[in-house]
Amino acid sequence: MVLYLFVMVIVVCAHDDIVLTDGWTIRPISDPTPTAKSVAVMLPHTWNATYTKGTHYNRETMVYSRTLAVTPQMAEGRLFLYFEGVNSVADVFVNRKTIGRHKGGYTAFCLEITDHVHIGDNTIDVWAGNAFRTDVLPISGDFNVYGGIHRPVHLIVTGKDCISPLFYSSPGVLVHQNKVNQAQAAITVETILSLKSGKQGLRLYAQVADMQGRLVASGEAAANSDRVSLPMTITKPIHWHGRQNPYLYNVKVELKDGEYVLDSQTVQTGLRYFSVDSEKGFFLNGQCYPLRGFNRHEDVDGKGSALTAEDHKRDMQLISETGATFIRLSHYPQSRCFYDLADRQGMVLWSEIPLVGPGGYDFTGYVKNVEENARQVALEMIYQNYNHPSVCFWGLFNELLVDEGRFREWDHPVDFIRSLNTLVKEADPSRLTTFATCVSHAHYLGCSDLMAWNKYFRKPGNYSKVRQFYEEARQTTAGQPLGISEYGDAGSINIHYDPRYDRVRDHAENYQLLTHEGYWKAIKDMDWLWCKTIWQFSDMQSSIRHEGDRDGVNDKGMVTYDRKTRKDIYYFYKAQWNPEPMVYITDRRFVNRKHEVTDVKVYSNQKDATLYVNGNIIAKQQSDDINRIVFKGVHLSKGKNTIRVKAGKLSDECIWRFEPAEEK
């Protein structure tokens, strides 16, 4: 079937962006015969979303193919293929001729195809391979690398002279925030041009408008070079202030020949300034702004990393509902849709490259052969996300190990990390660099602006150990601000136990609560920690894990892998962070009970709550310093029991069944 792209243009002008969602087929490259069976797919797509068995999963090369119809109007201008993400190496062919290659599955790349197409039908083939390679990130990590065109693909049509989509596949418009304060914002709008027509006298115009469409700044200059910078000043700017006021400005740039618009591009940005103090934590626009939230992977049950806009919106809604202010995008740059959502929702982001270690397993996350790809991906991440006010931190690595007890040292990473930090700071001096480590931060002193720990104290009674660890770590950072990049524990909604009678069960939903309660109690008042980040937002796939109630899944999430169930621990953090009144009974899925006497634990941000069992008032009790209420020694009746809790005007209810165990 030939798919024609209908483009409403008479003369090619401005960016025409066409999303190539359908019309694709896929087949394995291991079957080279002309009669090899192809399967029709829609993008985004990955071929290994479903876990099978064992620690290995299919890492191979598949061929995506599509017909592209080029109209005479298109042929008058220029055409670019823009891939938001192909995991992990993409070789792109048009009409069976090589167009280009890209290494790295989590950043975008753009290729011009103008001279390789003709009017009528053309073929696009993308060889997408997720096979392990020592020259492509990641080379390790506690997550699956999904293969395929797992993010959208665009056909961009422009005139001969255009705002270039080729500069690290950025939008071609970079808004530099030179100095922002309460009185004014001094910015520079830098535009990267690609001029092919040879016309003289072209000019570039830029306008900044507020959310009401009012013009607040403008500038113009001759378009006589590949990069044109327009300095501007906005007086009394409205700041992008996180969850409280995620205010955005529209920056529109036009390339003109007289009054005729040859090309245009509009980007959004927010004006803000921020800092981190080693004693007081994170400041946004001069105000203390605590960063608390989650690590997030792009991974949904049945889809892998091939997420739609609706998937991203659902994740952001679930995260926002807790009252979180911060998300670490672990362990790779994520979809541009999610960065846009973070801008609009006011969520501060830590964005990092997939220079990631083995998460406590063998092997390493760094060998010298991967350095070139790490530098490339870092620059792509920076320039593609340069205008997002939500991004305040660039992450350099996660859990690169050095020789320390059970961890093996391979190529030593520190010298490279220092050089990578220099590269990132030169590309973007306006943001702060950081890393996440699970071995002594002393190895990495001076390698970044900030540092953070992945440290798990996964036992009840962890309060004192957590406090001791971070207080001692604080004394050895040489003045660098310290944060928490990961902490947490596993919990399955299908595993429960009664701590009054039963032995501890790892991966039980209520065991997960004990770890988090002690950890949060220990760190909640440590205002000097620049971030407090939970591992993790949702359950995710990892083939090396065989634990809990489902092989191949890391179940440390606050919500289930399919996003259908908010675990009990989700409501614990909602009670800590979200001021909206709430009350929630834990252990609600532990329905069938064998013991008459049990405890009832409740999370609520109200000062007290009243417990009812089968309509009878049992007790009224105040919440503690982590918004927890535990009614101890509650008696159940044989059979069905209605457990109800009232807190102010709110109530929550669940059903437990008590059937005594038969005496032996």
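Modeller: The lining of the second largest cavity divides by class into five nonpolar residues, one polar residue and two charged residues; please bear in mind throughout that the model is a predicted one. The residues in question are Arg59, Ser88, Ala131, Phe132, Arg133, Val136, Leu137 and Pro138. The volume of this second largest cavity is about 40 Å³.

Rolling a probe the size of a water molecule over the atoms shows where empty space is left. The count of cavities of 30 Å³ or more comes to four. About 50 Å³ is the volume of the largest cavity. Its lining is made up of Tyr106, Phe143, Asn144, Tyr146, His297, Glu298, Asp299, Ser305, Tyr332, Met540 and Gln541. By class, five residues of the lining of the largest cavity are nonpolar, four are polar and two are charged.

A pocket, in contrast to a cavity, is open. The largest pocket holds about 820 Å³ of space. It is lined by 38 residues, among which Tyr82, Pro171, Arg336, Asp340 and His388 are the closest to its centre. Two or more lining residues are given by each of the elements β20 (260-269), α2 (309-321), α3 (336-345) and α4 (371-384). The largest share, six residues, comes from α3. By class, the lining of the largest pocket comprises 16 nonpolar, 15 polar and seven charged residues.

I turn now to the strands. Four of them form an open sheet in the order β1-β10-β5-β8, and their pairing is antiparallel. The edges of this sheet are taken by β1 (16-19) and β8 (109-112); each has a single partner strand, so one side of each is left without a neighbour in the sheet. On average, neighbouring strands of this sheet are turned by 25° against each other, direction ignored. Within the sheet, strand β5 (residues 78-83) runs antiparallel to strand β10 (residues 153-158), and six bridges join the two. Arginine 78 has threonine 158 of β10 opposite it.

Strand β11 (residues 161-163) is joined to β13 by three bridges, the two running antiparallel, and here cysteine 162 has serine 194 of β13 as its bridge partner. Strand β12 (residues 173-180) also pairs with β13 in the antiparallel sense, over seven bridges. Valine 175 stands opposite valine 189 of β13, and three residues lie between β12 and β13 in the hairpin that they form. Strand β16 (residues 227-235) is a further antiparallel partner of β13, joined to it by nine bridges; alanine 186 has threonine 233 of β16 as its bridge partner.

Strand β14 (residues 203-209) runs antiparallel to strand β15 (residues 215-222), with seven bridges between them, and glutamate 220 of β15 is the bridge partner of tyrosine 205. The hairpin of β14 and β15 has five residues between the strands, and in this hairpin glycine 213 takes a positive phi near 85°. Strand β14 also pairs with strand β19 (residues 249-257), in the antiparallel sense and over seven bridges. Arginine 203 has lysine 256 of β19 as its bridge partner.

Two bridges pair β35 with strand β41 (residues 650-658) in the parallel sense, and arginine 593 has phenylalanine 658 of β41 opposite it.

Strand β40 (residues 639-647) of this sheet includes isoleucine 643. The relative accessible area of isoleucine 643 is 0%, so the residue counts as buried. Leaving aside residues up to four places away in sequence, isoleucine 643 touches Ile585, Val600, Leu611, Tyr612, Val613, Leu636, Asp652, Glu653, Cys654 and Trp656. Proline 152 is 491 residues from isoleucine 643 in sequence and 48 Å from it in space, C-alpha to C-alpha.

How values were computed. Residues are numbered from 1 along each chain as its sequence is written. This is a predicted model: local features need pLDDT of at least 70, side-chain atom pairs count only at pLDDT 80 or more; totals for chains, interfaces and linings use all residues. Side-chain values use heavy atoms; hydrogens and water are left out. On a 1 Å grid over the protein atoms alone, a cavity is a set of points where a 1.4 Å probe fits but cannot get out, and a pocket is an open set with protein on both sides within 12 Å along at least five of seven lines; lining residues have an atom within 4 Å of a point. Grid points are joined across faces, edges and corners, and a volume is the space filled by probe spheres set on the points. Helices (H or I, at least four residues) and strands (E, at least two) are DSSP runs, numbered from the N terminus. Ala, Val, Leu, Ile, Met, Phe, Trp, Tyr, Cys and Pro count as nonpolar, Asp, Glu, Lys and Arg as charged, and the others, Gly among them, as polar. Two strands pair if DSSP finds at least two bridges between them. Axes are lines fitted to C-alpha atoms, for helices over the stretch in contact, and angles run from 0 to 180 degrees between N-to-C directions. Buried means under 20% relative accessible area, exposed over 50%, partly exposed in between (1.4 Å probe, protein chains only). Contact means heavy atoms within 4.5 Å.
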